[in-house]
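Here is a short briefing on one protein structure. Keep the model open as you read, and find each residue as it comes up.

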Amino acid sequence: MWRALTAAGLVGLAIAGPAGTPSARASVPVLVIDGRGFGHGVGMAQDGALWMGVGGANLGQILGHFYPGTSLGKASGAVRVAVMRSPSGDAVLQFPDGGQVRDAPSGPQSAGFPLDVPAGGQARVWWDGSQYHAQLVGGPRPYGATMRASSGTNKIEIPLPTTTTAGGPANPTTTTSPPTPTLVPPTAPGPRTTTTTTSPPPASGGPPPPEAVTPRPLWATPANYGTVAVTARGRRYRGLTEAIADGSQLRLVNQLDVEDYLRGMGEVRDPSWPAASLQTQAVAARTYALRAMRAGGEICDDDRCQVYLGAQAEYPAMDKAVAATRGAVVAYGGSFASTVYSANGGGVSATTEEGFGTNSNGYPYLRAAPYTTRNPAPWRVTIALSDLAARFGVAGGVTNARVTTKGPSGRALAIALDGNGGGKAVDAHAFASGLGLHSTLFQLHVEEALVAPPPPNAGDFLQVPPDEATAQAPVVATPDTVPAPSLSPAAVPRFPAGQALGHAATTGRARNRLVILLAVVTLVLAAAITGFASLRARNARSQGGENRMA
């Protein structure tokens, strides 16, 4: 019997082959990262705003949940958005409705300016290291249907609370802030002083069109409150577009009223969202933009700040939300609140320490709290431990990875990479960006895989606070300056703190509980009365039977 088993075992070994052959391949240790959410998680979660709106919450209730203890105020102003940087120092602009290239947004112009551009025409603008140039190029060409909107003003009026809170955020207009660039009011409506009937340049072979030269930055101004298209980006912008030098490069900065800016944002592109959810997005974005302007005077156009796509991103549902909340901002301690937000918080919002690695003092309204969502956006990333060691420079390799410190929402704050050479401690934000993780709300475990997975790409998921937005779009100061948004002392009602849906929703829930309690008491009393009546009937029947027997 034993000989038969031994022979069978030898046959099995012969079939399996010697160690090291493909059929006996060793497994690969990998780190598995299971997480949820998308973004830093601080402040409003856009998925939470959506599902609260679906559940019937209104604007105040949604804001009251994500920014508890804040107030609703009014503000207006212009926004400057960095939309392109040209390393070659030149750019081509198209004017679907016609317009002008000026060397001052208004007032006297240098010789050769304004340069009139016909509807559909294009102008090339460039910087040669000492002067700016503008010249018509090509003939008129169609650029789709254009939309017209009345231009805003740069009037600042912000009724906000007079009360302050101890430990509130630092005033964003301190002397350490970057210099404020030009915020020139849009040109007031009225007849133009020059015409836009400039003929297109002659056909190929004729003399080149005239070239205007100036030492001052250039301003592309659309006619009839239309748009200017930046051909290299395929986007159209309302308001003014400034071409300004930064070293040898040329930067394009779109300057427009904050209400038109909100219409062109690309943060929420779904018209099926409830009106209250879209309104919440508009108010949070308006506050973020104006706080960024007050802090540094400029903002970037991608997800490091707020996604801004231009006029082609406008759609009726968001236009309506912007109009319904016109001028509404979130305020705290006599200043604009820091209304940061992210796409998905995984069902629980984060503190500023968890989201940005910064101290939470002064921002009590940015706290860890659960919220309602039907999709916490789960995700998984795997990486071989050998690739993990190489990515973070751990000598001797990595044998395990652990979350050593968590924040109030459960997000990782610190990671330990254990290894034979002593391992390494890594900040959770650096760990997440180094592996391109969607958030810091994750768990770790090591398992075996047959082959090493492709290592993930590094990437940063963070939107920066509005006070840091200017650093993402470096400012080059221009000669003309207008005041940044400021505050006025008019008090307004405050959003309630620490209530999931604000006072109205809390009152409604309390009322519902009272109704349920009364219904239960009524049922208990009815049952008791019925039982008592039934007992009396049985007693009566029993007494009657005894009388008959007697």
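How many aromatic pairs does the structure hold? There are eight. Keep in mind that this is a predicted model. The points below cover rings, a disulfide, a sheet and a helix.

**Aromatic rings**

- A pair of aromatic rings is described by the distance of the centres and the angle of the planes.
- Tyr363 and Tyr365 form one of the eight aromatic pairs. Their ring centres are 6.2 Å apart, and the planes stand at 70°. That makes the pair edge-to-face.
- Tyr363 and Tyr365 are both buried.
- Tyr237, Tyr261 and Tyr308 are linked into a cluster by ring pairs.
- Trp126 has a charge over its ring. The charged end of Arg124 sits there, 4.1 Å from the ring centre.

**The disulfide**

- A disulfide is a covalent bond between the sulfur atoms of two cysteines.
- A search of the whole structure turns up one disulfide. Which cysteines does this disulfide join? The partners are Cys300 and Cys305, with an S to S distance of 2.1 Å.
- The torsion about the S-S bond of Cys300 and Cys305 is about 115°, so this disulfide is right-handed.
- Are the two cysteines buried or exposed? Cys300 has a relative accessible area of 2%, so it counts as buried. Cys305 is buried too, with a relative accessible area of 1%.

**The six-stranded sheet**

- Six strands form an open sheet with antiparallel pairing. Their order is S10-S9-S8-S5-S12-S13.
- Which strands stand at the edges? They are S10 (211-214) and S13 (235-237). Each has a single partner strand, so one side of each is left without a neighbour in the sheet.
- On average, neighbouring strands of this sheet are turned by 25° against each other, direction ignored.
- Strand S5 (residues 90-95) pairs with strand S8 (residues 121-127) over six bridges, in the antiparallel sense.
- Opposite Val92 stands Arg124 in S8. Arg124 is also the residue whose charged end sits over the ring of Trp126.

**Helix H3**

- Helix H3 spans residues 59-66. Seven of its eight residues are buried, so the helix is largely enclosed by the rest of the structure.
- Among the buried residues of H3 are Leu59, Ile62, Leu63 and Phe66. Gln61, Gly64 and His65 are buried as well.
- What caps the N-terminal end of H3? Asn58 does. One of its side-chain oxygens lies 3.2 Å from the backbone nitrogen of Gly60.

Note on methods
Residues numbered from 1 in each chain as written. Predicted model: local features only at pLDDT ≥ 70, side-chain atom pairs only at ≥ 80, totals over all residues. Heavy atoms only, no water. Phe/Tyr/Trp six-rings, centres within 6.5 Å; stacked < 30°, edge-to-face > 60°. Buried < 20%, exposed > 50% of the residue type's maximum accessible area, 1.4 Å probe, protein only. Lys NZ or Arg CZ within 6 Å of the ring centre and 35° of its normal. Disulfide = S-S within 2.5 Å. Pairing = 2+ DSSP bridges. Helix = DSSP H or I, 4+ residues; strand = E, 2+ residues; numbered from the N terminus. Axes fitted to C-alpha atoms, helices over the stretch in contact; angles between N-to-C directions. Polar contact = N/O pair within 3.5 Å; in protein donor to acceptor, adjacent residues only side chain to side chain.
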